[in-house]
Amino acid sequence: MFYGCELSSKVPFYTFQVDEEEGEEEENVEHFLELRTVCLGDGVKDENNVVEVTALNHQGKKVSVPVANLHLSCMPMVSLGDFELRAPVTFRLKSGSGPVCISGLHLIAYSDPAESDLSDEEHEDDCEEEIVPIKPAKKKLGKE
């Protein structure tokens with residue numbers, strides 16, 4: 001699904017999160033936000049606009065990182081490629097008055113509980129079958 005929000009001095013932050021009811025109903029679902037672009041909106045002033053993202057890192061701790069420093073005369077837009085974050089994600093206009101438009105995709109990943117029911121032995125067997133031994137190259141000992 002397409003995602004977008006606008007930050008300004010009137011609305012300096014926005015949090016992308018999943019509804020609690022939706023999250024409780026589906027236990028094997030993860031929601032991600034794949035950021036694509038951050039750009040200045042119409043009527044922006046001649047000032048720096050810094051956008052900060054707050055999300056959970058791999059250890060489950062909140063981390064805040066500036067992802068864009070936009071200015072009308074030199075960098076009005078940043079393309080973030082496939083910058084993927086797990087919900088909840090908070091965007092904050094750290095400096096400037098905006099408007100700053102953020103766009104991306106809301107991705108929903110479904111995990112199959114049947115796949116995680118494999119025993120460790122079955123998983124190890126699968127891994128062992130995939131390993132192919134590599135033999136060293138033979139050296140030529142003749143004169144050429």
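The following paragraphs lead the reader through the structure, from its overall layout to individual residues.

The structure is a predicted model, in which local features need pLDDT of at least 70 and side-chain atom pairs count only at pLDDT 80 or more, while totals for chains, interfaces and linings use all residues. Residues are numbered from 1 along each chain as its sequence is written, and side-chain values use heavy atoms, with hydrogens and water left out.

The chain contains 2 helices and 8 strands; here helices (H or I, at least four residues) and strands (E, at least two) are DSSP runs, numbered from the N terminus. Along the sequence, these elements follow the pattern β-β-α-β-β-β-β-β-β-α. Of the 144 residues in the chain, 28% are buried, where buried means under 20% relative accessible area, exposed means over 50%, and partly exposed lies in between (1.4 Å probe, protein chains only). Among the contacts in the chain with a separation of 6 or more, 77% are between residues 24 or more positions apart; a contact means heavy atoms within 4.5 Å. The chain exposes about 10800 Å², of which carbon and sulfur atoms supply 51%. Such areas come from the Shrake-Rupley method with a 1.4 Å probe, and for residues only the protein chains shown count as cover.

Strand pairing comes next, two strands being paired if DSSP finds at least two bridges between them. Strand S8 (residues 100-110) pairs with strand S1 (residues 2-7) in the antiparallel sense over 6 bridges. Within this pairing, Cys-5 has Ile-102 of S8 as its bridge partner. Strand S3 (residues 29-40) also runs antiparallel to S8, to which 11 bridges join it. In that case Leu-35 stands opposite Gly-104 of S8.

The C-alpha atoms of Leu-105 and Phe-2 are 4.7 Å apart in space, although the two residues are 103 residues apart in sequence. Residues up to four places away in sequence aside, Leu-105 touches Met-1, Phe-2, Tyr-3, Phe-32, Leu-33, Glu-34 and Arg-36. Leu-105 has a relative accessible area of 26% and is therefore partly exposed.

Another antiparallel pair is formed by strand S4 (residues 49-56) and strand S5 (residues 62-70), with 8 bridges. Leu-56 has Lys-62 of S5 as its bridge partner. The hairpin of S4 and S5 has 5 residues between the strands, and in this hairpin Gly-60 takes a positive phi near 80°.

What lies in the interior? In soluble globular proteins, nonpolar side chains tend to be buried together. A nonpolar core is a set of buried Ala, Val, Leu, Ile, Met, Phe, Trp, Tyr and Cys residues joined through side-chain atoms within 4.5 Å. The largest such core in this chain has 23 residues, of which Val-51, Phe-91 and Ile-102 touch the most other members. At least two residues of this core come from each of S1, S3, S4, S5, strand S6 (77-86), strand S7 (89-95) and S8. S3 gives the most to this core, with 4 residues. Leaving aside neighbours within four places in sequence, Ile-102 is in contact with residues including Tyr-3, Cys-5, Leu-35, Val-51 and Phe-91.

Two loops contain cis peptide bonds. The bond from Ala-87 to Pro-88 is cis, with omega near 5°, and Pro-88 lies in the loop between S6 and S7. Gly-98 and Pro-99 are likewise joined by a cis peptide bond, with omega about 5°; Pro-99 is placed in the loop between S7 and S8.

Finally, the model has 4 salt bridges, each being a side-chain nitrogen of Lys or Arg within 4 Å of a carboxyl oxygen of Asp or Glu. One of these joins the side chains of Arg-86 and Glu-30, at 3.0 Å from N to O. This pair links distant parts of the chain, with Arg-86 in strand S6 and Glu-30 in strand S3, 56 residues apart. Arg-86 counts as partly exposed because its relative accessibility is 46%, and Glu-30, at 35%, is also partly exposed. Another salt bridge connects Glu-34 with Arg-36, the closest N and O atoms being 2.5 Å apart. Glu-34 counts as buried at 10% relative accessibility, whereas Arg-36, at 33%, counts as partly exposed. A further salt bridge, at 3.6 Å from N to O, is made by the side chains of Glu-52 and Lys-94. Glu-52 in strand S4 and Lys-94 in strand S7 are 42 residues apart, and the pair links distant parts of the chain. A network of salt bridges links Glu-52, Arg-92 and Lys-94.
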